[in-house]
Amino acid sequence: MHTTIGIIGGGPAGLLLARLLHTSGIDCVVLESRDRAYVEQRQRAGVLEQATVDALRGSGAGKRLEREALVHEGIELRFDHRAHRLDLTGLTGGRRVWIYAQTEVVKDLIALQLDDGPPLHFEARAHAVEGADTDHPAIRFTHAGREQTLTCDYVVGCDGFHGVARSAVPPGAQRTYERSYPYSWFGILADVAPSCDELIYAHSPRGFALHSMRSSTVSRLYLQVPNGTDPQEWSDEQIWDELDTRFAVDGDWRLRRGPITAKAVLPLRSSVTEPMRHGRLFLAGDAAHIVPPTGAKGLNLAATDAIVLARAFAHLQDTGSTELLDAYSDTCLRRAWRAEHFSYFMTTTLHTGPTQTDFDTRLQLSQLDRIAASPHAAAELAENYTGLPLA
Ligand code: PHB
């Protein structure tokens with residue numbers, strides 16, 4: 001089996017890249033180790049930037065998004081029992097964000113791809129990338145109980161931090177910069193109308209809380225919890241009580257409660273692998289970088305990797321020049337580090353660390369106060385949150 005671009009991983013980066021290549025007439029094959037049901041129910045973030053939405057539309061996968069996504073023009077910050085709205089659109093000269101779950105993005109891309117190509121194989125587990133530094137790289141994988149080889153002109157690893165693509169790069173040829181955080185997020189889905197029109201990011205002495213949503217009838221909420229927390233330790237009532245306490249604000253706001261349909265704890269980490277290329281192997285999405293979810297950047301970074309890479313392959317096809325491919329790693333790393341800084345800033349400004357002193361808390365409140373008081377400080381947050389323009 002041979003293809004021009006072999007893509008490992010059928011998450012947002014791999015699927016979007018495949019669609020964008022397909023629209024440029026470049027053939028590719030996607031190998032996904034899990035089955036379709038697993039990939040389609042994996043709960044992830046839900047905030048899309050303009051560039052991500054544009055790419056989904058351009059790839060033909062924007063129709064349901066167009067109908068169902070909630071368009072948001074602001075977010076709320078809560079701290080010190082005060083609520084402060086950030087007018088994202090006003091602060092950025094017109095930018096907005098779309099609330100549409102990653103699982104829905106993935107479902108739309110899969111449906112389109114199975115209908116219209118290029119090939120997407122589920123339960124196709126890649127176990128090696130060979131010859132990345134030659135002109136004939138290959139992916140060895142197992143599918144339907146058979147060992148197979150896909151030879152490619154290029155391989156793109158969109159298979160996450162623990163994927164085979166990252167590990168195919170010799171240790172001396174890459175460097176990973178990492179940071180872990182001393183807290184996790186406890187995320188729930190609840191069958192209840194959101195208690196707000198826009199997302200609420202809350203700082204509280206008991207820790208961070210986030211109110212997000214999936215639709216007009218489904219709420220998505222998160223609580224900061226200690227690392228290693230077992231979600232089963234928390235009763236539904238305890239979860240709602242804790243959310244109530246952390247969102248508490250002067251005035252009459254009430255958190256609506258409803259049946260909790262999913263509970264999961266996720267750790268927070270930051271990581272960047274440099275460079276995002278080794279020979280004819282390119283890394284994209286979580287295989288190259290991970291951000292804590294506080295800035296809502298993970299899916300959008302994965303999407304921009306796919307966009308930049310698709311343009312570079314199209315440029316190679318049209319002109320024979322590898323100029324854009326050669327710039328891929330630098331282009332995406334510059335963007336990734338900006339997102340890393342923003343996500344780190346949002347995380348450390350809003351969470352309460354286990355060794356946090358009152359001095360640290362005063363610094364956080366001063367920073368939040370500054371954002372609430374100064375359009376300049378607010379604009380810096382708003383520009384990063386809505387996504388910096390893709391050159
Ligand atoms: C979500 O809806 O899951 C979500 C929203 C905003 C974030 C993180 C997660 O910053």
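A polar contact is taken here as a pair of N or O atoms within 3.5 Å. In this predicted model, an oxygen atom of the ligand lies 2.8 Å from an N or O atom in the side chain of Arg214, and a ligand oxygen is likewise found 2.6 Å from an N or O atom in the side chain of Ser212. The backbone also takes part, in that a polar backbone atom of Pro293 is 2.8 Å from an oxygen atom of the ligand. Of the 280 Å² that the ligand exposes when taken alone, the protein buries 99%.

The shell around the ligand comprises 15 residues, of which Tyr201, Ser212, Arg214, Tyr222 and Pro293 come nearest; by class, the shell divides into nine nonpolar, three polar and three charged residues. At least two shell residues are supplied by each of the strands β14 (209-213) and β15 (219-225). Because both domain 1 (2-70 + 100-178 + 269-347) and domain 2 (181-267 + 355-386) give residues to this shell, the ligand lies between them.

The largest cavity holds about 40 Å³ of space, and its lining, which divides into eight nonpolar residues, one polar and no charged, draws its largest share, three residues, from α1. The second largest cavity, with a volume of about 30 Å³, is lined by residues including Arg42, Arg44 and Gln102; α6 gives the most to this lining, with three residues, and the lining as a whole divides into three nonpolar, three polar and two charged residues.

How values were computed
Residues are numbered from 1 along each chain as its sequence is written. This is a predicted model: local features need pLDDT of at least 70, side-chain atom pairs count only at pLDDT 80 or more; totals for chains, interfaces and linings use all residues. Side-chain values use heavy atoms; hydrogens and water are left out. A residue is near a molecule or strand if one of its heavy atoms lies within 4 Å of it. A polar contact is a pair of N or O atoms within 3.5 Å; within protein, one must be able to donate a hydrogen and the other to accept it, and residues adjacent in sequence count only if both atoms are side-chain atoms. Accessible areas come from the Shrake-Rupley method with a 1.4 Å probe; for residues, only the protein chains shown count as cover. Helices (H or I, at least four residues) and strands (E, at least two) are DSSP runs, numbered from the N terminus. Ala, Val, Leu, Ile, Met, Phe, Trp, Tyr, Cys and Pro count as nonpolar, Asp, Glu, Lys and Arg as charged, and the others, Gly among them, as polar. Domain bounds come from an automatic or database domain assignment. On a 1 Å grid over the protein atoms alone, a cavity is a set of points where a 1.4 Å probe fits but cannot get out, and a pocket is an open set with protein on both sides within 12 Å along at least five of seven lines; lining residues have an atom within 4 Å of a point. Grid points are joined across faces, edges and corners, and a volume is the space filled by probe spheres set on the points.
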